Amino acid sequence: TGRSAYRPDKTHDAYAADLSLDERAPFLRVARAFERVWYGGYEVDEAGYPTIREAARRLTGATEREEA
């Protein structure tokens, strides 16, 4: 569990497989949002942003105070 070495040929799902079950869900939530924006041309709307932000916080262990 934890960090995985970057490899340009490695998919988000492959990285997710390296994570613990607690880390996997928030990682995949952030990764899927990235894919929709980067590859699909979608925008993150105001309603969806808090969900992605919370998943990123869970993944990194960050708090609002640390982000400020």
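Select Phe 34 to begin: this residue is partly exposed, with a relative accessible area of 38%. Here buried means under 20% relative accessible area, exposed over 50%, and partly exposed in between, with a 1.4 Å probe and protein chains only. Phe 34 sits in helix 2, which spans 21-38. Helices are DSSP runs of H or I with at least four residues, and strands are runs of E with at least two, numbered from the N terminus.

The model is predicted, so local features need pLDDT of at least 70 and side-chain atom pairs count only at pLDDT 80 or more, while totals for chains, interfaces and linings use all residues. Residues are numbered from 1 along each chain as its sequence is written, and side-chain values use heavy atoms, leaving out hydrogens and water.

A pair of aromatic rings is described by the distance of the centres and the angle of the planes. Rings of Phe, Tyr and Trp (its six-membered ring) pair if their centres lie within 6.5 Å; planes under 30 degrees apart count as stacked, over 60 as edge-to-face and the rest as tilted. By this rule there are two aromatic pairs. Phe 34 and Trp 38 form a stacked pair, 5.7 Å centre to centre with 15° between the planes. These two residues are four apart in helix 2, so about one helical turn separates them. Trp 38 is exposed, at a relative accessible area of 61%. The rings of Phe 34 and Tyr 39 have centres 6.2 Å apart and planes at 90°, so this pair is edge-to-face. Tyr 39 counts as exposed, at 64% relative accessibility.

Keep Phe 34, Trp 38 and Tyr 39 selected: ring pairs link them into a cluster.

Now move to Lys 10, in the segment before helix 1 (12-17). Is Lys 10 buried or exposed? Lys 10 is buried, with a relative accessible area of 18%. Show the side chain of Asp 18 as well: a polar contact of 2.4 Å joins it to the side chain of Lys 10. A polar contact is a pair of N or O atoms within 3.5 Å; within protein, one must be able to donate a hydrogen and the other to accept it, and residues adjacent in sequence count only if both atoms are side-chain atoms. Leaving aside residues up to four places away in sequence, Lys 10 touches Ser 4, Tyr 15 and Asp 18, where contact means heavy atoms within 4.5 Å.

Last, select Leu 19, in the loop between helix 1 and helix 2. Leu 19 is buried, with a relative accessible area of 12%.
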